[in-house]
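Student: Hi! Could we go through this model together, starting with how its elements are named?

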Amino acid sequence: MNTLVDIPVERIKQSRISSVDFKTLGFGNYISDHMLVADYKDKKWHQPKIMPFGELLMTPAILSLHYGQSVFEGMKAFKNKKGEVSIFRPQRHHQRLLRSLERMCMPAISEELFVESLCALIAADAAWVPDAEGSALYIRPVIFATESRLGVKISDEYKFVVLTSPVGPYFAKPVRVKVEEHYVRAAEGGTGFAKCAGNYGGAFYPAEQARQAGFDQVLWTDAKEHTYIDESGAMNVMFVLDGKLVTPKLSTSILDGVTRNSLLTLADDMGMPKEERRISIAELKAGFENGKLTEAFGVGTAAVVSTIAIINIDGTDYSLPPDSEASFQQRVKKKLHNIRMGHEPDTHNWNYNVPLK
Ligand SMILES: *Cc1c(COP(=O)(O)O)cnc(C)c1O
């Protein structure tokens with residue numbers, strides 16, 4: 001199936017691009033001209049369509065609103081110096097989407113339909129892909145239940161929608177995080193490994209409590225004992241401990257981040273020893289005390305790396321040494337950036353070229 005040539009495009013009458021200030025994009029402030037929509041009905045996905053971004057007509061009885069069958073993805077596309085556009089690791093995002101869909105009893109979507117949909121939408125809005133260093137087109141696929149009915153059941157109907165948003169470089173200042181020892185984001189056996197909407201809704205309240213107490217983010221711990229680190233906010237978390245890159249081992253309560261996986265792979269390329277294992281709060285505390293904990297940072301598609309300056313453990317603020325250009329997090333961030341922009345060879349085949357016609 002070569003859907004790329006088949007996906008019909010209903011073009012917007014008047015592009016909104018002239019209202020976008022590409023110098024101050026920020027994150028998620030603009031949505032590009034077009035969206036892609038496909039329906040699942042009668043046990044199969046139907047032909048996607050590209051149309052102007054706008055409202056969809058649905059009843060308030062759609063099952064996703066009531067029972068939470070909604071999963072999403074977050075990716076980026078980059079434009080290199082030659083004007084070529086590539087999506088970063090769409091197949092790996094697709095594999096994760098399949099795991100999320102399965103966990104939420106939602107129908108699988110083929111890699112072909114997924115990747116070709118992304119490519120067709122990006123080709124339609126190619127002008128929206130920013131080319132300034134550090135900028136990107138953020139891609140947000142979402143699948144949600146659309147059967148209109150009140151009884152509790154697995155929906156028989158769904159929509160697959162893809163939106164894109166031009167985003168600027170992420171200049172976040174180092175964050176203060178609080179080890180969460182009361183609330184839980186995800187428990188083993190739950191939905192923490194799935195990128196489902198409800199995980200976010202349930203995390204707002206603890207994050208808000210932390211914000212009111214003067215922190216930027218929560219450092220989630222395991223649901224059973226609040227002893228081991230899981231993630232930081234909606235990012236995976238990494239540490240440099242005793243000269244090694246250390247990150248929590250994946251479990252059913254941790255999201256398998258594509259950035260996490262990419263940075264672990266680059267650590268190998270850079271000769272940085274790495275460990276995926278359980279990390280206790282006590283170990284972090286000891287690391288602060290003996291000076292062996294030298295870096296802590298969140299990792300995810302939006303920011304790539306978010307430097308952690310302070311970790312609050314049991315009411316005490318522990319400070320990390322100031323971040324510098326020589327730190328592992330800055331070097332690995334730069335390497336990833338260089339690969340995406342075509343400044344360095346893409347030896348792992350992570351950049352998926354988008355045919356722009
Ligand atoms: C999306 C997400 C991440 C980061 O995943 P990436 O694929 O690197 O963007 C980490 N944790 C949670 C909870 C997430 O939802």
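Tutor: Happy to. Helices (H or I, at least four residues) and strands (E, at least two) are DSSP runs, numbered from the N terminus. Residues are numbered from 1 along each chain as its sequence is written, and side-chain values use heavy atoms, with hydrogens and water left out. This is a predicted model, in which local features need pLDDT of at least 70 and side-chain atom pairs count only at pLDDT 80 or more, while totals for chains, interfaces and linings use all residues.

Student: Thanks! Which strand holds V85?

Tutor: V85 lies in strand β6, residues 85-88.

Student: Is V85 buried or exposed?

Tutor: V85 counts as buried, because its relative accessibility is 0%. Buried means under 20% relative accessible area, exposed over 50%, and partly exposed in between (1.4 Å probe, protein chains only).

Student: Where does V184 sit?

Tutor: V184 is in the loop between β9 (175-179) and α5 (197-212). It counts as partly exposed, because its relative accessibility is 33%.

Student: Let's switch to the ligand. Which residues are closest to it?

Tutor: The closest are K195, Y200, E231, T259 and T301, out of 15 residues that surround the ligand. A residue is near a molecule if one of its heavy atoms lies within 4 Å of it.

Student: How much of the ligand does the protein bury?

Tutor: The protein buries 95% of the 380 Å² that the ligand exposes when taken alone. Those areas come from the Shrake-Rupley method with a 1.4 Å probe; for residues, only the protein chains shown count as cover.

Student: Which elements give two or more residues to the shell around the ligand?

Tutor: Those are α3 (90-103) and α6 (258-269).

Student: Now the backbone. What is phi at D42?

Tutor: Phi of D42 is near 55°, a positive value in a residue other than glycine. Most residues other than glycine have a negative phi. D42 is in the loop between β1 (34-41) and β2 (44-45), and it counts as exposed because its relative accessible area is 64%.

Student: And V304, buried or exposed?

Tutor: V304 is buried, because its relative accessible area is 10%. It is in strand β16, residues 304-313, and has a positive phi of about 65° although it is not a glycine.

Student: What does the side chain of T307 contact?

Tutor: The side chain of T307, also found in strand β16, makes a polar contact with the side chain of Q329 at 2.8 Å. A polar contact is a pair of N or O atoms within 3.5 Å; within protein, one must be able to donate a hydrogen and the other to accept it, and residues adjacent in sequence count only if both atoms are side-chain atoms. T307 is buried, because its relative accessible area is 14%.
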